[in-house]
Amino acid sequence: MLLKRLRDTMARAESVEVTLGEVVRLVANEMVAEVCSIYLLRAGEVLELFATQGLNPSAVHSTRLRVGEGLVGDIAAHGRPLALDDAQHHPQFAYRPETGEEIYHSLAGVPILRAGRVLGVLVVQNRTRRQYDEEEVETLQTIAMVLAELVSASHVVSPNEVQQVDGIGLLPLRVDGVQLTPGVAIGRAVLHEPRIVIQRVVAENVEQELVRFQEALHGVREDVDRMLEAHDMQSGEQREILETFRMFVDDRGWAERVREAIDSGLTAEAGVQRAFDDVRTRLGQSTDPYIRERLSDLQDLSNRLLLRLTGRVATDPASLPEDMIVIARDMGPAELLDYDRNRLRGLVLEEGSALSHVAIVARALDIPVVGRAPNVLARVEAGDPIVVDGDNAQVLVRPAEDILQTVHLALDARAERRRKYAALRDLPSTTRDQARVSLNMNAGLLIDMQHLDDTGADGVGLYRTEIPFMVRSEFPDVDAQAWLYGRVLDLADGRPVTFRTLDVGGDKVLPYIDSFGDENPAMGWRAIRIGLDRPAMLRRQLRAMIMAANGRALSIMFPMIAEVTELLRARHLLELELDRAKRRGQPVPERVRVGVMFEVPALAWQLDSLLPHIDFISVGTNDLMQFLYAADRGNSRLAGRYDSLSPALLRLLHFVVDKVRPAGVDVSVCGEMAGRPVEALALLAIGVRSLSMSPGSIGPVKAMIRSLDLNEAVGFMSSALAQPDRPLRETLRLFAADHAIEI
Ligand code: PEP
Ligand code: MG
């Protein structure tokens, strides 16, 4: 009824000011509130009182609050509702004498949202200290939605006034973000999903709207099924991601929320928008990566439904440029796959993380992605020339011609280098004085396995198993895991693969195991610590690996081992699984190699008791560096502060290698350091003979190895390490230059 009355009021075609005045009267009446006010956002992030019932009328257009100031400002700043029975004692309360609001104690307010942006705030107040219930807040939200349409259609605040103009124009601009996938691309901007505008909010006929919603949902389901049928979606993580999305489309709980919204008198499209806004208000502030992922899936689904319901066709793909750089706030994996892959060059997101589904799919498509690029959507116009530099985590918008030229040259040089490294593919990885170095690659997705052939790597030195666990909504069962590891071994085709057991926890959250919100996640309940506390989970993974090997050799390593007993307990679980397989007459691996990741410095002083129990040690310098220097590896302010070529790290590694190798235990390095030629040179010079790195690094490191006289390097290093403490980077560079070593 309220919605109908609102619509009638709006249809009366009075001036907006008059209409807003009637709306506040109507709402105050309906909600039994003494006050109802509407604040709208104006230039300079200021909220101005535009209409009120109950407050002093002279305050209209004179009471102004900054976004973030007072309770109204707080609602706008966070884009979420607030309901307080004692507003005046809230720390955020800002008293404005001209309003005469001192007599009102309770307050409920909701943001007026349109297309994800805050346009203003709708507030009701009462004298008594009353608690507004959830239903009342929801009613306010529905009213705010109707208001949003009125406000934006009437241009009561000129859209130009609140548009973010920062950077729009012709000036070049550099936007710094984070690398989600590496690589560099040049192209022209395509703004993803220019917001879908809902024209009809109030339903004429609820039954009809429910049917429209049902049909739209059905249509989306068919679209996703079609994507799943595409020939390159037949296996692997991309498929799992899409299947998870498909499950989402079928989620009853969410569809039920939309139906409830429609039942309350909204059109199907407004119902979808309402349900999404609700979820975003509740979960939007969450930093939990799993929840963020669900939100982008939900956004993806809502957009698909809105496209269908508003009858707006998605942009004609043929009208998009040949070299697309897609710019989006955030995106679900299916949305990325909607773009023509032959034209897609790169992706820029305002949000996103390296493990988000869209980043994983982008990696499979081999396009660079920069994420967390602040406000980029507002700063780029469709068609702008863009450089996405994933390697340096930056986006160049409208770069000057000379910069474009430089990037083109760099891309050409890169292609040239690729050709050169490709030519090294079948040549042995041997130094000039005939020392053989084993070069392996790191992998974590099935799609990565193709690089074994194109790089000529000896094998996979580190297979990170966590990604498939993170893209699902429940723990993958043994069969699913066994299938995946089996495929990895098939694709390796006899070349060794070292599987690392699950390294999750801390910030890599699995939705289906409790985490305790560690304050210090990198040092928290993660990796083998979870595995040993949840032995059934670790055993299932080990069982799957044994099944996958199906008689072939198996190599397993345990992450984050800090004490020998942890390795012994993990080994024991492995023995139990091997026995189980034997008892059941299943094939057991012809050989099982067991190793540990050396990431926790404490392990260096336990080698004597550790070595008899292992076949190899793989040094994870990414974590080792962060624990050795107490420097968070993800903190951009610390990036580059401590040099991995410091004597501290190299002496520690030297000590470890000298102890491990004579015991007949293999030692390799699989952190990022191994893939950088100068660092790799240092590692070889202290005795490492096996490296594992991202596929793109194999060529450059092999070129370095083939130009190196290892004996000379060893001599040089032992005297360099005896020098007073200072990073060896420069010294090593000079050494390489003097000896024509390709670094
Ligand atoms: C490391 O810590 O160096 C490592 C290789 O493991 P991850 O990067 O997966 O933590
Ligand atoms: Mg690690």
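This is a predicted model: local features need pLDDT of at least 70, side-chain atom pairs count only at pLDDT 80 or more; totals for chains, interfaces and linings use all residues.

Colleague: OK, and which residues come nearest to ligand 1?

Modeller: There are 13 residues around ligand 1, and R464, R500, G620, N622 and R633 come nearest.

Colleague: What does the side chain of R500 do there?

Modeller: An N or O atom in the R500 side chain sits 2.8 Å from an oxygen atom of ligand 1. R633 also has a polar side-chain atom 2.8 Å from an oxygen atom of the ligand. From G620 it's a backbone N or O atom, 3.4 Å from a ligand oxygen.

Colleague: And how much of ligand 1 does the protein cover?

Modeller: On its own, ligand 1 has 290 Å² of accessible area, and the protein covers 97% of that. The elements giving two or more residues to the shell are β16 (459-464) and α22 (621-628).

Colleague: Switching topic: which residues of α8 are buried?

Modeller: In α8 those are W254, A255, V258, A261 and I262. Looking down the helix axis, the buried residues fall within an arc of 115 degrees, so they line one face of α8.

Colleague: What's on the face turned away from the buried side of α8?

Modeller: That face carries R252, E260 and D263, which are exposed.

Colleague: How does the length of α8 compare with what it should span?

Modeller: It agrees. Helix α8 covers residues 252-263, so at 1.5 Å a residue its 12 residues should span 16 Å, and the end C-alpha atoms are 16 Å apart.

Colleague: What caps the N-terminal end of α8?

Modeller: D251 does, with a side-chain oxygen 3.4 Å from the backbone nitrogen of G253. Past the other end, just after α8, G265 takes a positive phi of about 115 degrees.

Colleague: Last one. Where is A663?

Modeller: A663 is in the loop between α23 (647-660) and β21 (666-669).

Colleague: Is A663 buried, exposed or partly exposed?

Modeller: Partly exposed, because its relative accessible area is 44%, and exposed would need over 50%.

Colleague: And how far is A663 from L576?

Modeller: Their C-alpha atoms are separated by 27 Å, and the two residues are 87 residues apart along the chain.

Definitions and conventions: Residues are numbered from 1 along each chain as its sequence is written. Chains are lettered from A and ligands numbered from 1 in the order in which they are written. Side-chain values use heavy atoms; hydrogens and water are left out. A residue is near a molecule or strand if one of its heavy atoms lies within 4 Å of it. A polar contact is a pair of N or O atoms within 3.5 Å; within protein, one must be able to donate a hydrogen and the other to accept it, and residues adjacent in sequence count only if both atoms are side-chain atoms. Accessible areas come from the Shrake-Rupley method with a 1.4 Å probe; for residues, only the protein chains shown count as cover. Helices (H or I, at least four residues) and strands (E, at least two) are DSSP runs, numbered from the N terminus. Buried means under 20% relative accessible area, exposed over 50%, partly exposed in between (1.4 Å probe, protein chains only). The expected span of a helix is 1.5 Å times one less than its number of residues. The arc is that of the directions from the helix axis to the C-beta atoms.
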